[in-house]
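Biologist: Hi! I'm new to this one, could you walk me through it?

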Amino acid sequence: MFTRSRAPYALIVPAIAILILGMGYPLIWQVVTSFQKYGLAQQFGQPATLVWFDNYVRLATDVQFWVVVAKSLVFCVVTAFVTLAIGTLLALLMSAVTKTARLVLQISLLLAWSMPVVAAMTVWIWLFDRRRGVINYLLDLIPGVEMNRFQWLTNPLTFLLVASIIVIWMSVPFVAFSIYAGLTQVSDEVLEAAQLDGASGWQRFWWIIQPMIRPVIAIVLLLQLIWDLRVFTQIKMLQEAGSGSGDYDLLGTYIYKLGTSAQDFGMSSAVSILVLAITVALSSFYIRALLKEDEA
Amino acid sequence: MKRKIGVVAAATAALVVLAGCATTPSDGNADGQDITFWVMGGDTPEALRDYLKTEYADATGGTLTIEEQSWGDALAKLTTALPDAENTPDVTEIGNTWSPTFTTVGAFTDITDMVEELGGDKLLPSFVEVGEVDGVNYALPYYFGSRYVFYRKDLWSAAGLEVPTTLEEFNAAAAALKTDTQSGFYLGGEDWRNGISWVFANGGELAVKDGDTWKSSLSDPNTIAGLEQLQALFADASLAPVNEADSTPWVNINNNSETGVPEAATIIAPGWAHWSIGDLTPDPADSTKTVATWNDEVFGTFVLPGVDGGVAPVFAGGSNIAISAASQNQAGAKELLKIIFSPEYQTMLGENGLGPANLDYASALGDDQFATALIESAAGSKLTPAAPGWAAVEGARLLEEFFGKVNAGGDIPALAKEYDAKIDELING
């Protein structure tokens, strides 16, 4: 009979220790700071006063905060699902075409994905420039569409549309590759049998392929939702090209504005903890499903 | 065996902790100290930066590294770097509107003892004041700039208009010059640094000090009068986007390379913009760039006129300079300040169109139309409130938002009340 060895626990202690130090310290600092009044003076050495839930209460009663949360949630859900749809379509395309075409497609996706965000943003901002942008020029060529000097970044709705397009462009390769990997696990014989039985393309996808790659879809969707909730760089750079006004803020830039710009670190920590709570809530569905599968 | 390991572990732990402790700053000898100087934006030209590096090396044998920070990131970087002894710049340029915020929290070293040596009363008084807390000097002026109007002489004379002498005349002329494709006067909707001139000209203020606290005064009747004028001007004279802030103004007055005509007949810009205004020709050295050569027949300048003639108070541009309190190289930093306030460097600032901190050398600016316009407009210029929390107000982009909404045609008294409340939350730090 084996006695339970302590060795496995001892072996993972270093890894956990590093994780706790690396991620725990900022997390604990944020939790503590969210209960304090922490501004520029505290940054330069003054002690911080403990105000308990004051920051949270101020947030909960601030209309602008809830507007930003609502906008961010809508943005992340729409963007994540569209990314998933396009990514899945591209993955199906990749599995259906010839080898050379697949290679070309994969290389283009890889290039899009590996391009540094700031470099890509610079080019995208040029594309949507109101005076010299290619997008306005091309759209203007369509008869009946008046797009000369259209200001994409002046209106919060078109601003978020542009941001969404850019984020989708940047996220699709990851989704496409992950789902393609999942598709390789789908057995060809089953698909062929279904085709012989008269199942249409859509039916084959929905009833055979989709259930088999559901774990991949779940994890990819969850990751996209979390990343799109926290999106920062793209929004910040678009704001610099357009307007930094609060109407164009999503959660990422809202936290940054409160913290490093307006120097209210207490409030921005509180917002960060709330974003963390939303993220944990989102992941909890996935974790619960995963645990259920494990027990089965 | 276990005890020995325990002792070794304790010793290692102690070493690690002690290594993290800050070393005491050296104040005596500047020799061999390598220091970092942060400049904001591209205002300080290359030639001046090279001068500082050579002079510093001659004076102390150490190396001077000059790092340029873009204005957009500067506030965040200063907030995070200044308290950190390992990463702080030793000397930093700091926007004059941000000086009060950082001096009141103790970010900078007390340099009251150096003021006499660096120029004393000759230093620009309003900038010295903004860097002073309770009689102690923390930040001194670095350079001052100002804003004045650039106009297209050809377009103005074609419309039969003359250089305006009052603000009313200017507003009317700008409206008359507007066509469907060309702004009479180019002003971004969120551009408060230029738009504020109309508020100041009507006697309005952004905030006033009531006893010991600052209160935002956007709802003040004079401020509202100025904002109403601005709202009308934006609607009648400008085709700029309503959410454009301070950007590259000269782009709009030079001929557009595609259409051959400018975007606007008039702009208001900081003095150094004149280097980029003129007839555009390809750069002989680099064919991808263009060079602007001022053409006096086509372009002209004048100072924004006040409500009753004279000069309108414009937003006082410029920066202060200070030594970081957390810097380990206090002696080296002080040496750099001495070089910056030396007659040679002050003259160089003037020669390059930057108003020198020491007004004795203001004549180095020259006497061409640009220098005259700079000095005239600077004489009447005003600063933002010297409140402890002003940098936070700017960081939160509240004025950009407010001016944007005003220029979009909003209800001014209601917006003023809303933003007064928002600014009041931040302005006292």
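Modeller: A word on terms before we start: domain bounds come from an automatic or database domain assignment. This is a predicted model, where local features need pLDDT of at least 70 and side-chain atom pairs count only at pLDDT 80 or more, while totals for chains, interfaces and linings use all residues. Residues are numbered from 1 along each chain as its sequence is written, and chains are lettered from A and ligands numbered from 1 in the order in which they are written.

Biologist: Thanks! Which domains does chain B have?
Modeller: The assignment gives domain 1 (31-145 + 317-372) and domain 2 (147-315 + 405-427). Their centres, taken over C-alpha atoms, are 29 Å apart.

Biologist: And how many residues does each put into the contact?
Modeller: Domain 1 of chain B brings six and domain 2 of chain B brings seven; two residues are in contact if their C-beta atoms, placed from the backbone, lie within 7 Å.

Biologist: What are the residues on the domain 1 side of chain B like?
Modeller: One is nonpolar, four are polar and one is charged. Here Ala, Val, Leu, Ile, Met, Phe, Trp, Tyr, Cys and Pro count as nonpolar, Asp, Glu, Lys and Arg as charged, and the others, Gly among them, as polar.

Biologist: Changing topic, how many helices and strands are in chain B?
Modeller: There are 16 helices and 15 strands. Both are DSSP runs numbered from the N terminus, with at least four residues of H or I for a helix and at least two of E for a strand.

Biologist: What is the strand order in the open sheet of six strands?
Modeller: In chain B the order runs β2-β1-β3-β14-β6-β15, with mixed pairing; strands pair if DSSP finds at least two bridges between them. At the edges are β2 (64-69) and β15 (355-356) of chain B, each pairing on one side only.

Biologist: How do β1 and β3 of chain B run?
Modeller: They run parallel, with two bridges joining β1 (residues 35-40) to β3 (residues 91-95) in chain B. B:Trp38 sits opposite B:Thr92 in β3(B).

Biologist: Now the neighbour: how many residues do chain B and chain A give to their contact?
Modeller: Chain B gives 24 residues and chain A gives 19. On the chain B side, α3 (71-81), α14 (390-395) and α15 (398-407) each supply at least two, and α3(B) gives the most, with five residues. That side divides into 11 nonpolar, nine polar and four charged residues.
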